[in-house]
Amino acid sequence: MNDNRAIDLRSDTITQPTPAMRAAMAAAEVGDDVFGDDPTVQRLEARVAGMLGKEAAVFTPSGTMANQLAVRAHTEPGDEILVDANAHIYYYEAGGPAALSGVSCRCLSGVRGTFTATDVETALRPPDQHFPTTKLVCLENTHNRGGGTIWPMERIREVADIACRQGLRMHLDGARLWNASVATGIDERDYAAHFDSVSVCFSKALGAPVGSALCGSRDFIQRARRFRKMFGGGMRQVGLLAAGALYALEHHRSRLAEDHANARTLAQGLARLSGIELDPTTVQTNIVFFKAPGVQAKELVSRLDRAGVRMLATGPHSIRAVTNLMVAAENIPQAVEIVGRVMQACQPNSCSSI
Ligand SMILES: *Cc1c(COP(=O)(O)O)cnc(C)c1O
């Protein structure tokens, strides 16, 4: 059922701008932002920088660009960056660090996306002409492939501590930092304080149609702005989009608690179904990963789609569901019921048509 009656849990990027958000976008004051003429973009950049306690911010068309600008602006070709093996920057950005910055990624084996200061320490290289220069440590909070996991503050502090002692820069992929803050009550600024740069996203859970931002010191953002132009991300009357992001920051942040409650309910419901492996206590924010060992994830997902629930196959037997602005609390028991029905039809020896 590929229409808007489906309960769409594929991602928190599928959200539609609300009528009020569209009205704010239509009314936006705009100008040529490459000339520095767009007052709405400037308002958004100042607002985000302020929220994160940084000097400056630059608006980007995607979170991928915000992250890749950070990698480019922190490094020189030949350098090395430290990332979790499942980090978006490494796993989902089309090889960007190698292609755009000429750096290599040293992958750390985190647990559900979070690694430790000891992992960083073990990866450090002695000063020697044979080795690449390690420049940057990247964290992701919340961690997408980790299952929406929140980095514990103490662990961030320990990693930041060793990075600081070793002269390494710290970048935070904060595409879902808003979710971490709503879930823990820890201000975005307190997380951001441990990093030289932070990327945040307006088009995921916050529900704006387009846009991310990269924040950092004034000099760093000036450097990133030049690379944004180089990468083709200099945009013109883009206040139209910035207005959607400003609206989302104002009106859609605190409601993330609903997405988190819905994800917990969904996880508890799915965990009770036979043929599904899921530990609901691992669900901390809006992302639910589960395994269906007896069926092909692709097949299950296409059957679910026909039955009116959309999810994403992320491995041979693993499936991801993400609660979002378009999914109401009453849709959750409906989704669980449909998954139960489809799973039953998928069991060996049962009728396979649904
Ligand atoms: C979605 C996402 C991004 C950026 O994605 P874009 O689709 O390029 O906006 C970056 N980091 C994480 C953790 C993400 O989930």
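## Exercises on a strand sheet and a helix pair

Strand β3 (residues 80-84) pairs with β5 in the parallel sense, over three bridges. The exercises below concern a predicted model.

**Exercise 1.** Determine which strands pair with β5, and in which sense.

*Solution.* Begin with β3, which is joined to β5 by three bridges in the parallel sense. Within this pairing, I81 stands opposite L136 in β5. Next, consider strand β6 (residues 169-174), which pairs with β5 over five bridges, again in the parallel sense. Here V137 stands opposite M170 in β6. In general, such pairing of strands in a sheet is made through backbone hydrogen bonds.

**Exercise 2.** State how far strand β5 is enclosed by the rest of the structure.

*Solution.* Count the buried residues of β5, taking buried to mean under 20% relative accessible area. Six of the seven residues in the range 134-140 are buried, so the strand is largely enclosed by the rest of the structure.

**Exercise 3.** Give the order of the strands in the sheet and identify those at the edges.

*Solution.* The sheet is open and has seven strands, in the order β2-β8-β7-β6-β5-β3-β4, with mixed pairing. The edges are held by β2 (56-60) and β4 (104-108); each has a single partner strand, so one side of each lacks a neighbour in the sheet. From one strand to the next, the twist averages 20°.

**Exercise 4.** Classify the packing of helices α12 and α14, and describe the residues of their contact.

*Solution.* First, take the geometry: α12 (residues 256-271) and α14 (residues 331-346) pack at an angle of about 25°, and their axes are 9 Å apart. Angles under 35 degrees count as roughly parallel, and α12 is therefore roughly parallel to α14. The crossing of α12 past α14 is right-handed.

Second, list the residues. From α12 the contact draws on N262, T265, L266, G269 and L270, and from α14 on I332, A335, V336 and V339.

Third, sort them by type: six are nonpolar, three are polar and none is charged.

Technical notes. Residues are numbered from 1 along each chain as its sequence is written. This is a predicted model: local features need pLDDT of at least 70, side-chain atom pairs count only at pLDDT 80 or more; totals for chains, interfaces and linings use all residues. Side-chain values use heavy atoms; hydrogens and water are left out. Axes are lines fitted to C-alpha atoms, for helices over the stretch in contact, and angles run from 0 to 180 degrees between N-to-C directions. Helices (H or I, at least four residues) and strands (E, at least two) are DSSP runs, numbered from the N terminus. Angles under 35 degrees count as roughly parallel, over 145 as roughly antiparallel, 65 to 115 as roughly perpendicular and the rest as oblique. A crossing is left-handed if the near helix is turned anticlockwise from the far one by less than a right angle, and right-handed if clockwise. Contact means heavy atoms within 4.5 Å. Ala, Val, Leu, Ile, Met, Phe, Trp, Tyr, Cys and Pro count as nonpolar, Asp, Glu, Lys and Arg as charged, and the others, Gly among them, as polar. Buried means under 20% relative accessible area, exposed over 50%, partly exposed in between (1.4 Å probe, protein chains only). Two strands pair if DSSP finds at least two bridges between them.
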